Amino acid sequence: SISWQRSAPMLSLSAETIDLANQKQSAILIDPPSKVSGCCFDVTECPAVRFGEPSVPSSHQKEVIDGITVFVPTDFPDDKPMVIRTRNLFGFRQLVLDGWKLV
């Protein structure tokens, strides 16, 4: 795995995400986005975000953001700012990617 630095920090972590990652002592993994195609459209769905490491390390690049290791898919867009946040759903805290554009 290669560690690299973007020229502009387009991906950031909310304070709650940093706290939760430190509590869990775990890296954050962004799954590769899946593309959905129809007769007249192509849409790239928002990727899932979770704790852990990639099962195929060559498909991700390793970044360190605010002291937290984040595994980012190699084809992840870096043209717009996005934030990994936490969301409470039925009493469980999960990670979500805020700022993703479907097209």
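**Aromatic pair and salt bridges in a predicted model**

The structure holds 1 aromatic pair. This is a predicted model, in which local features need pLDDT of at least 70 and side-chain atom pairs count only at pLDDT 80 or more, while totals for chains, interfaces and linings use all residues. Residues are numbered from 1 along each chain as its sequence is written, and side-chain values use heavy atoms, with hydrogens and water left out.

Colleague: Why is the aromatic pair of Phe76 and Trp100 called tilted?

Modeller: Rings of Phe, Tyr and Trp (its six-membered ring) pair if their centres lie within 6.5 Å, with planes under 30 degrees apart counted as stacked, over 60 as edge-to-face and the rest as tilted. Phe76 and Trp100 are 5.8 Å apart centre to centre, with 40° between the planes, and therefore form a tilted pair.

Colleague: What makes Asp31 and Arg50 a salt bridge?

Modeller: A salt bridge is a side-chain nitrogen of Lys or Arg within 4 Å of a carboxyl oxygen of Asp or Glu, and for Asp31 and Arg50 the N to O distance is 2.8 Å, so the pair qualifies. Asp31 lies in the loop between strand 2 and strand 3 (35-37) and Arg50 in strand 5 (residues 49-51), so the pair ties together parts that are 19 residues apart in sequence.

Colleague: How do you know whether Lys80 is buried or exposed?

Modeller: Buried means under 20% relative accessible area, exposed over 50%, and partly exposed in between (1.4 Å probe, protein chains only). Lys80 has 19% relative accessibility, so Lys80 counts as buried, whereas its salt-bridge partner Asp79, at 57%, counts as exposed.

Technical notes. Helix = DSSP H or I, 4+ residues; strand = E, 2+ residues; numbered from the N terminus.
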